[in-house]
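Thanks for taking a look at this one with me. Please open the model first, and then read my points with it in view.

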Amino acid sequence: MPTTFNFVQRALVGATVGSLILTACGTDVPTAPGVRAPAFENASTALQSDAASPFVVLGRSAGLKKDVTVSASIGAAGGTLKISSAGLTLVIPPGAVTETVNFSVTALAGPAVAYEFAPHGMTFLKPLEFRQKLRDTNWSAAALGGGYFKERGQVNNDGLTAVLNENLEATIKDEADVEVDGKYVTFGIWHFSGYLVSSGRSQS
């Protein structure tokens with residue numbers, strides 16, 4: 001039976017569900033205004049320090065030829081950013097921020113399933129949802145997780161490894177309502193900047 005990521009176990013405050021969708025390739029447009037939250041210290045239990053630990057990065061079947069970026073102004077009402085060509089959906093739930101924020105997501109060029117998010121260093125009142133499609137990747141039923149990195153230089157596209165600053169747990173779930181044959185990896189994000197999908201520690 002598929003499992004789902006339990007945000008209630010991780011959130012510092014209760015979360016409500018709601019999002020507005022952006023589509024990629026020139027049709028990624030905001031469907032609601034948004035607002036920026038002041039930065040604050042967040043004692044999230046979803047994150048564990050893992051500096052200097054090499055991890056295997058999930059790879060794309062065909063690497064992106066160049067960076068792909070989408071952006072939108074989203075605030076207290078919540079919203080969604082989507083990069084269809086990279087298989088990523090980022091959900092900003094209602095109440096995650098309190099003032100208008102110009103969110104942007106960049107899928108990094110190359111085979112690594114890795115992204116940069118902005119504004120850099122921003123924290124949130126509720127966790128954002130990172131959802132990555134696994135179709136068109138090298139996933140083969142192995143356990144998956146999420147990882148936070150501060151600089152894109154920590155991601156090695158040639159060897160599909162990365163040095164992480166934080167290691168996040170993640171769950172795999174069926175999303176028949178989104179795509180009948182689709183499977184995704186999903187985890188929560190409490191702060192920006194870089195995130196990727198990992199498949200365990202490197203043995204090298």
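1. **Ground rules.** Please keep in mind that this is a predicted model, in which local features need pLDDT of at least 70 and side-chain atom pairs count only at pLDDT 80 or more, while totals for chains, interfaces and linings use all residues. Residues are numbered from 1 along each chain as its sequence is written, and side-chain values use heavy atoms, with hydrogens and water left out.

2. **The chain as a whole.** You will find one helix and 15 strands in the chain. Here helices (H or I, at least four residues) and strands (E, at least two) are DSSP runs, numbered from the N terminus. Of the 204 residues, 51% count as buried, where buried means under 20% relative accessible area, exposed over 50%, and partly exposed in between (1.4 Å probe, protein chains only).

3. **Surface and contacts.** The chain has an accessible surface of about 9,500 Å², and carbon and sulfur atoms hold 54% of that surface. These areas come from the Shrake-Rupley method with a 1.4 Å probe; for residues, only the protein chains shown count as cover. Among contacts in the chain with a separation of 6 or more, 76% are between residues 24 or more positions apart; contact means heavy atoms within 4.5 Å.

4. Look for L81, which stands opposite L90 in β5. Four residues lie between the strands of this hairpin, and G87 takes a positive phi near 80 degrees.

5. Next, find S198 in strand β15 (residues 194-201). What does S198 touch, leaving aside its neighbours within four places in sequence? The contacts of S198 are F55, V56, V57, L58, A143, L144, G145 and G146. S198 has a relative accessible area of 2%, so it counts as buried. N167 is 31 residues from S198 in sequence, and their C-alpha atoms are 8.9 Å apart in space.

6. **Aromatic rings.** Rings of Phe, Tyr and Trp (its six-membered ring) pair if their centres lie within 6.5 Å; planes under 30 degrees apart count as stacked, over 60 as edge-to-face and the rest as tilted. By this rule the count is eleven aromatic pairs. One of them is the stacked pair F103 and F124, at 6.0 Å centre to centre with 20 degrees between the planes. This pair links distant parts of the chain, since F103 sits in strand β6 (residues 101-107) and F124 in strand β9 (residues 123-133), 21 residues apart. Both F103 and F124 are buried.

7. **F124 again.** The ring centres of F124 and F192 are 4.9 Å apart and the planes meet at 70 degrees, so this pair is edge-to-face. F192 lies in the loop between β14 (183-191) and β15, and F124 in strand β9, so the pair ties together parts 68 residues apart in sequence. F124 is buried, with a relative accessible area of 0%, and F192 is buried too, at 1%. Stepping back, ring pairs link F103, Y115, F117, F124, F130, Y148, F187, F192 and Y195 into a cluster.

8. **Salt bridges.** How many salt bridges does a search of the whole structure find? The search finds three, each one a side-chain nitrogen of Lys or Arg within 4 Å of a carboxyl oxygen of Asp or Glu. R152 forms a salt bridge with D67, with the closest N and O atoms 3.0 Å apart. R152 is in the loop between β10 (145-149) and β11 (155-156), whereas D67 is in the loop between β2 (59-64) and β3 (68-74), 85 residues apart. Both ends are partly exposed: R152 at 37% relative accessibility and D67 at 31%.

9. **The remaining bridges.** R152 also forms a salt bridge with E116, again with the closest N and O atoms 3.0 Å apart. E116 lies in strand β8 (residues 114-118) and R152 in the loop between β10 and β11, so this pair ties together parts 36 residues apart in sequence. Elsewhere, the side chains of R131 and E129 meet in a salt bridge of 2.9 Å, N to O. R131 counts as buried at 16% relative accessibility, and E129 is buried at 13%. Finally, salt bridges with shared partners join D67, E116 and R152 into one network.

Methods. Two strands pair if DSSP finds at least two bridges between them.
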